[in-house]
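Welcome, and thanks for opening the viewer. Keep your selection tool handy and follow along from stop to stop.

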Amino acid sequence: MADRVHPMDLPSSSNPPSSNNSGEVVSPKKPSFPSPAKPVQPPAGTYVVQVPKDQIYKYPPPENSRRYESLTKRKPRRSCCCRCLCFTFSVLLVLIISIGITAGVLYLVYRPEAPKYTISSIAIKNFNFTASSKISPEFDISVRAENPNNKLGIYYRKGSSVTVVYSGVDLSAGALPAFYQPANNVTVFKTALKGSNVILGNAVKSTLRNENMKGKVPFRVNIKAPVKIKIGAVKTWEITVKVNCDVTVDALTVKSKLVSKDCDYSVRLW
């Protein structure tokens, strides 16, 4: 026969009232909790901005991440540009200093001197200033070129020009021959200049007639020659030499003689 199971009394979750020795019922004490602290009020004239905790980011929010990345990537570009500029300026400075030192050394070693130019003679043909039609004058000019340098040669290249001008009118034109002039050399070369269909005004003809009667007819000879300087076994780049000569002849004939001459020159390195 099975045993009978009697139910057991479970302990109450709350403390039952107890009695003291005198028989009075004493209710259990409730646990005491500390009262919450009162919030500290901010001083007058200030504002307190409350931001929800979930909106405080240690890193920028996703919608601003692209802007953050673009800002962080710009700094290396700036530093790279600054480095490139500094490197370029440094290279240019070194190059300028090197060119200056090289030029100084070459000058001390070779002691270059400027060449000298002058007009030796002029022969004039077909200059009929009394004719009413167009004229075609011809000039045979002898140019004397002197190279006073001891260690430098001069290459006269093609592409030169020689013109004779009177009172602003181009009368004849030609070119110099291409040749090499060694050091300490004087070369006299002749060049034939020809004009075609030149028109002289009445005032120019009248002035030219009076000067021819006086035996003093002024002309201007313009020479432009591309040259290269030979320094040892090295040739320089092409340099342009310009010579301007004011000459005066006694007559407009083949046997004309120079009364005066004055030449100056200039050099264009580039």
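A residue is called buried under 20% relative accessible area, exposed over 50%, and partly exposed in between. Keep in mind as you go that this is a predicted model.

**Stop one: the disulfide.** Select Cys245 and Cys263 and show their side chains. These two cysteines form a disulfide, with sulfur atoms 2.0 Å apart. The link of Cys245 and Cys263 is right-handed, with 115 degrees about the S-S bond. Now colour by secondary structure: Cys245 lies in strand E12 (residues 239–249) and Cys263 in strand E13 (residues 258–268), so the pair, 18 residues apart, links distant parts of the chain. Cys263, in contrast, has a relative accessible area of 23%, which means it is partly exposed.

Next, select Cys82 and Cys86. A disulfide needs the sulfur atoms within 2.5 Å. Looking back from Cys86, the closest cysteine sulfur is that of Cys82. While you are here, note that Cys82 is partly exposed, at 46% relative accessibility.

Centre the view on Phe89, which sits in helix H1 (residues 62–110). Phe89 counts as exposed because its relative accessible area is 56%.

Key. Residues are numbered from 1 along each chain as its sequence is written. This is a predicted model: local features need pLDDT of at least 70, side-chain atom pairs count only at pLDDT 80 or more; totals for chains, interfaces and linings use all residues. Side-chain values use heavy atoms; hydrogens and water are left out. Helices (H or I, at least four residues) and strands (E, at least two) are DSSP runs, numbered from the N terminus. Buried means under 20% relative accessible area, exposed over 50%, partly exposed in between (1.4 Å probe, protein chains only).
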